[in-house]
Structures are given as C-alpha cells and as structure tokens.
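Good morning, and thank you for the time. Please look at the model on the screen, and I will go through a few of its features.

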Amino acid sequence: MPDHSTHSHGTAHRKTVPHRRLLLKGLAALPLALPFRSASAGTAKYQLKFRHTHTDELLDVVFRDNRGYIAPAIQRMNWLLRDHRSGEMIHMDPQLFDILHALRTRCGGETFEIISGYRSPLTNASLRSHRRGVAKNSLHMDGRAIDVRLVGFDTARLSQAAVDLGIGGVGYYPRADFLHVDTGDFRTWGAARS
C-alpha cells in the first residue's frame, strides 16, 4: 500500500508556510504600530553608575523601572553609600537617586564619583572638628544627602543644572570640586545660583 501521507503532508506544509510567514511578519510589525509612548513606557529604566572615591568601589545599577524602585538595587546603593570610615549603613532616601538620575539625564554624564554619602553622627562630629562647612545636623546623617562629581562634566555647570531642578538643597564647593545635593527644603549655597 503506497504511503500518500508524506506527499499530502508535504503539500499541506507548502501551502501553510506562506500563511505562517505572513503571520510572523504581522506579529513582528505589531510593536511598530503601537503608539511610541505606550511602547516605551514599559521599558523605562533609571540607571546610575558610581565610583566611590574613598573605597574605589564601582556600581552600575538600574534602581527603578515602570513598577517603582527595585529593592535589591536600592540595597546595593545603600551599601555603596555607607559611612566608609565606620562601615555603618543606613537606608538612603531614594529621592536622592531620582535627583542624580535627573542630573545625569540633563547633563549627559556617565559616572558619578561619590565623595560622601551616609555619615554616622560620630563621623560627622569628627569631620566638623577638622573642617569648615560641615553642618552639625547634616542631612548626611539621615541618609538624605550626597556629595558627588559627574565624570567628564564641569561641576559648576552640574551645580547650575541642580539649581535649575529646584529640588532639595544644592551646595557647590569649587575648591574641592564637588556638588552637594540633598532632599531637604530647596536652598542653594556656593558659586552657582539662579
């Protein structure tokens, strides 16, 4: 008895291939037909890159997406921003990361160099006794302040961009070449002001 199933299966296969190709082409083009905002909304990622100037640790992390903050990423940033003198860590205010992301987006920079993140009360008191400009009730002790530079970007211009955001405290220290940002009330000090 001759086996016609191979022949008829082969013929059926040839007839369905063009339909499958059309279906696959249609599915592939579907994302292009969606409105741009809808297609990009699900892929919004907030990424930051850091190098700590005292520990030389590096971190490249996506800390937020369209669903909110990413807890393991926030934890990694909290560790990076610990008091490097004592090893103490605190939960940093995530709005700080939003401010840094806004600055990075606005200025086009790549990596933030961390000068200071969290400071324990003991570290803050020690710095106060040896340096001018360290606040007694510094927001660094509450995890609400960070001192940074943006690699490859002029710190005075970075300061002006931070002032233009109109969020939190912005202090520019030209001699030490760093920018202080915090999540307190809006205020400015240093050379760059609007």
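This is a predicted model: local features need pLDDT of at least 70, side-chain atom pairs count only at pLDDT 80 or more; totals for chains, interfaces and linings use all residues.

Where is the place of R82? R82 sits in the loop between α3 (71–80) and α4 (94–107); helices (H or I, at least four residues) and strands (E, at least two) are DSSP runs, numbered from the N terminus. Residues are numbered from 1 along each chain as its sequence is written, and side-chain values use heavy atoms, with hydrogens and water left out.

Is R82 buried or exposed? R82 is buried, with a relative accessible area of 12%, where buried means under 20%, exposed over 50% and partly exposed in between (1.4 Å probe, protein chains only). Leaving aside neighbours within four places in sequence, R82 is in contact (heavy atoms within 4.5 Å) with T55, E57, G87, E88, M89 and Y118.

I turn now to strand β7. The residues of β7 (178–182) are buried, 5 of the 5, so this strand is largely enclosed by the rest of the structure. F178, H180 and D182 point one way from β7, while L179 and V181 point the other way. In a regular strand the side chains alternate between the two faces of the sheet.

Which strands pair with β7? Strands pair if DSSP finds at least two bridges between them. Strand β5 (residues 145–150) pairs with β7 in the antiparallel sense over 4 bridges, and V148 has L179 as its bridge partner. β6 also runs antiparallel to β7, joined by 4 bridges; here Y173 is partnered by F178 and V170 by V181. In the hairpin of β6 and β7, with 4 residues between the strands, D177 takes a positive phi near 55°.

β6 is itself mostly covered, with 4 of its 5 residues buried.

Finally, the largest pocket. Its lining comprises 33 residues, of which R119, G133, V134, Y173 and F178 lie nearest the centre. β7 gives the most to that lining, with 3 residues. A pocket, on a 1 Å grid over the protein atoms alone, is an open set of points where a 1.4 Å probe fits, with protein on both sides within 12 Å along at least five of seven lines; lining residues have an atom within 4 Å of a point.
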